[in-house]
Amino acid sequence: MKLNTGMRCHDLCPKMEMEKLFARVREHDIRQIQLAFGKSISDYDFAAGHYSSGFARTIARELEKNQIHVAVLGCYINPVNPIESRRQAEVARFIEHMKYARIIGADMVGTETGRLDPDFRVTEESYTEDAYQLLLRSMREIVAAAEKLGVIVGVEGVFNHTLYSPARMKRFLEDIDSPNVEVILDAVNLIHPEQAEPEAQKEVIDRAFAYYGDRIGALHVKDFVFDGQEQLFRHVGDGLFRYEPLMKHVKERKPHIAMLLENSSRERYHEDVKFLQTIYDQV
């Protein structure tokens, strides 16, 4: 089976006018993307309050003309910003993006779960119960809107964010209790510095699939190394990540899932896909 791959639009092209952007994506024979409006489209203001269904249909027409599908509409907010006015603004922006998603045909609108710091710095406070409860407050508002709009919210765990482990994600899914929430699994993002060894990586991936494999709606794929406690991203195959456990789960449980490459490039993308396909075929 051929992997269902794509990549982040802002890794492929610099920010530019929408018509040129989607034409460029098609030129590189990429048919599936993660699209972050603010990182990719230069000729429109996507701040909350600027939405119109007419403009969303314009985006949809350009995507259809270029035969491009948006697997994830990225709206990466900090839902645990401790400054209440900023948190509310982030939530409002995400809800507005869900209106675009309905019309452009995106599978989901995705976000990570943030840090309990106004400047998004890494802090131990993000792991606290207070941070978790603030996340629930934000996400319950978002999910209530998603259920009314018929849109899927994609939630991505990261080892130094509020949802920092498979166990924490499992608790979140149980607490939020909505079919409109799915997981964007980026296995690299879940690996803590002390889990870099192959067996530890496998344990993290196995646990994620055991806890919520049925709720995983999209994958991010990249590579990594650690510099002390800091995780540094690398191109596929250029770091420490072992892809075999992930690909085994994909083959057994999630065939055809959208697999979006991060930190790739237009020069590397097709070779990166061949690398991943080889591993998938062998497991």
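Is Ser40 buried or exposed? Select Ser40: this residue is buried, with a relative accessible area of 0%. Buried means under 20% relative accessible area, exposed over 50%, and partly exposed in between, with a 1.4 Å probe and protein chains only.

Before going on, note that this is a predicted model, where local features need pLDDT of at least 70, side-chain atom pairs count only at pLDDT 80 or more, and totals for chains, interfaces and linings use all residues. Residues are numbered from 1 along each chain as its sequence is written, and side-chain values use heavy atoms, with hydrogens and water left out.

**Stop 1: around Ser40**

Ser40 sits in helix H3, residues 37–40. Helices (H or I, at least four residues) and strands (E, at least two) are DSSP runs, numbered from the N terminus. Now show the contacts of Ser40, meaning heavy atoms within 4.5 Å. Setting aside residues up to four places away in sequence, they are Cys9, His10, Pro14, Lys15, Met16, Leu21 and Leu35.

Step back to Ala36, in the loop between E2 and H3. Ala36 is buried, with a relative accessible area of 12%. Beyond its neighbours within four places in sequence, Ala36 is in contact with His10 and Gly74. Then draw a line from Ala36 to Val109: 73 residues apart in sequence, 9.7 Å apart in space, C-alpha to C-alpha.

**Stop 2: the barrel**

Select the strands E1-E2-E3-E4-E5-E6-E7-E10. In that order, these eight strands form a closed barrel with parallel pairing. Neighbouring strands of this sheet are turned by 30 degrees against each other on average, direction ignored. Two strands pair if DSSP finds at least two bridges between them.

Which strand is joined to strand E1 by two bridges? Strand E2 (residues 32–35) is, running parallel to E1 (residues 5–8). Pick Arg8 and find its bridge partner in E2, Gln34.

Helix H7 (residues 166–176) packs on the sheet, touching strand E5 (153–156) and strand E6 (181–186). The direction of H7 makes about 165 degrees with that of E6. Axes are lines fitted to C-alpha atoms, for helices over the stretch in contact, and angles run from 0 to 180 degrees between N-to-C directions.

Move to E5. In a regular strand the side chains alternate between the two faces of the sheet. On E5 both faces are covered: Val153 and Val155 on one side, Gly154 and Glu156 on the other, are all buried. Strand E4 (residues 109–112) pairs with E5 in the parallel sense over four bridges. One to click is Gly110, whose bridge partner in E5 is Gly154.

**Stop 3: the open spaces**

A pocket is an open set of points on a 1 Å grid over the protein atoms alone, with protein on both sides within 12 Å along at least five of seven lines; a cavity is a set where a 1.4 Å probe fits but cannot get out; lining residues have an atom within 4 Å of a point. Grid points are joined across faces, edges and corners, and a volume is the space filled by probe spheres set on the points.

The largest pocket holds about 670 Å³ of space. Select Glu112, Arg115, Phe120, Val158 and His161, which lie nearest its centre among 36 lining residues. H3, helix H5 (84–104) and strand E9 (230–234) each supply at least two residues of this lining.

Next comes the second largest pocket, about 280 Å³. Lys2, Leu3, Thr5, Asp29 and Tyr269 lie nearest its centre. Helix H10 (residues 269–282) gives the largest share of its lining, five residues.

Finish at the largest cavity, with about 30 Å³ of space. Its lining includes Glu156, Met169 and Tyr212. E6 gives the most to that lining, with four residues.
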